[in-house]
Amino acid sequence: MSSDPSSVDQDEYRRLSDLVTAGLAVLTTRQGRHDVAVTVDSYLDVSYDPPTMLVALYGMGRAAEAVEEAGHFCLNLLAGDQQDLADRFGTPAAPLLGMLSGLEVTRTVDGDAVLAGTLGHFAIRVAQASDVATHRLLSGPVVEMGQGRVDAGPAVRFAGEKRHLA
């Protein structure tokens, strides 16, 4: 058994890491006057005291750049019947303008979109950022939150596919 990370087969790693069940969310922020939204499944609550969360974004993507420029974002936890939103905002190279067109949204105190019909949301101000491999880890305090629907299960990803729990 080798302890050299370069000897780990990336395709096998991807296959096995897809067995980690992950909740789907849509991260929203602002870039100037425009909304930016991206589907994420790498996020976690870091601390309850004070309430703090972390999200991992592809470091070379426009979402990471937009979040760092804005200094804040909103994490919208998707319900199982919102798979279409996961697809909509998970498409690489989706157009920047009009991303939220046709969707019902409210706004956090910082102006980030809160999507209607989600399980809940967390508004986070970025306090720390660091690079790990190809991703940018952004963490900070929760400054606002709200519960949404209680009649639905979460949207999740398992084995590389979007699923929902009954």
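This is a predicted model: local features need pLDDT of at least 70, side-chain atom pairs count only at pLDDT 80 or more; totals for chains, interfaces and linings use all residues.
Colleague: Quick one to start: leaving aside neighbours within four places in sequence, which residues is Arg-136 in contact with?
Modeller: Arg-136 is in contact with Val-55, Ala-56, Leu-57, Gly-59, Ala-64, Glu-68, Ala-129, Ser-130 and Asp-131. Contact here means heavy atoms within 4.5 Å.

Colleague: Okay, back to Arg-136: buried or exposed?
Modeller: Arg-136 has a relative accessible area of 16%, so it counts as buried. The cut-offs are under 20% for buried and over 50% for exposed, with partly exposed in between (1.4 Å probe, protein chains only).

Colleague: What joins the side chains of Arg-136 and Glu-68?
Modeller: A polar contact of 2.6 Å. That term covers a pair of N or O atoms within 3.5 Å; within protein, one must be able to donate a hydrogen and the other to accept it, and residues adjacent in sequence count only if both atoms are side-chain atoms.

Colleague: Which strand is Arg-136 in?
Modeller: Arg-136 is in strand β11. Strands (E, at least two residues) and helices (H or I, at least four) are DSSP runs, numbered from the N terminus.

Colleague: And how many bridges join β11 to β10?
Modeller: Five, between β10 (residues 128–132) and β11 (residues 135–147), and the two strands run antiparallel. Strands pair if DSSP finds at least two bridges between them. Asp-131 is the residue opposite Arg-136.

Colleague: How many residues sit between β10 and β11?
Modeller: Two, and the strands form a hairpin. Ala-133, in that loop, has a phi near 55°, which is positive although the residue isn't glycine. Most residues other than glycine have a negative phi, and most peptide bonds are trans. With a relative accessible area of 80%, Ala-133 is exposed.

Colleague: Which peptide bond is cis?
Modeller: The one from Asp-49 to Pro-50, with omega near 0°. Pro-50 is in the loop between β4 (43–48) and β5.

Colleague: Let's go inside. How many residues does the largest nonpolar core have?
Modeller: The core has 19 residues, and Leu-27, Val-40, Val-55, Leu-57 and Leu-75 have the most contacts inside it. β2 (25–31), β3 (34–40), β5 (51–58), α2 (62–70), β6 (72–77) and β11 each supply at least two of its residues. The largest share, four residues, comes from α2. There's also a second, separate core of 12 residues, including Leu-78, Met-99, Leu-100 and Ala-113.

Colleague: What counts as a core, though?
Modeller: A nonpolar core is a set of buried Ala, Val, Leu, Ile, Met, Phe, Trp, Tyr and Cys residues joined through side-chain atoms within 4.5 Å. In soluble globular proteins, nonpolar side chains tend to be buried together.

Colleague: What does Leu-75 touch, neighbours within four places aside?
Modeller: Its contacts include Ala-25, Val-26, Leu-27, Val-40, Tyr-43 and Met-53, and also Phe-122 and Ile-124.

Colleague: What about Thr-29: buried or exposed?
Modeller: Thr-29 counts as buried, because its relative accessibility is 0%. A polar atom of its side chain lies 2.7 Å from the backbone oxygen of His-72. Thr-29 is in strand β2.

Colleague: Zooming out, how many helices and strands does the protein chain have?
Modeller: Three helices and 13 strands. Of the 166 residues, 36% count as buried.

Definitions and conventions:
Residues are numbered from 1 along each chain as its sequence is written. Side-chain values use heavy atoms; hydrogens and water are left out.
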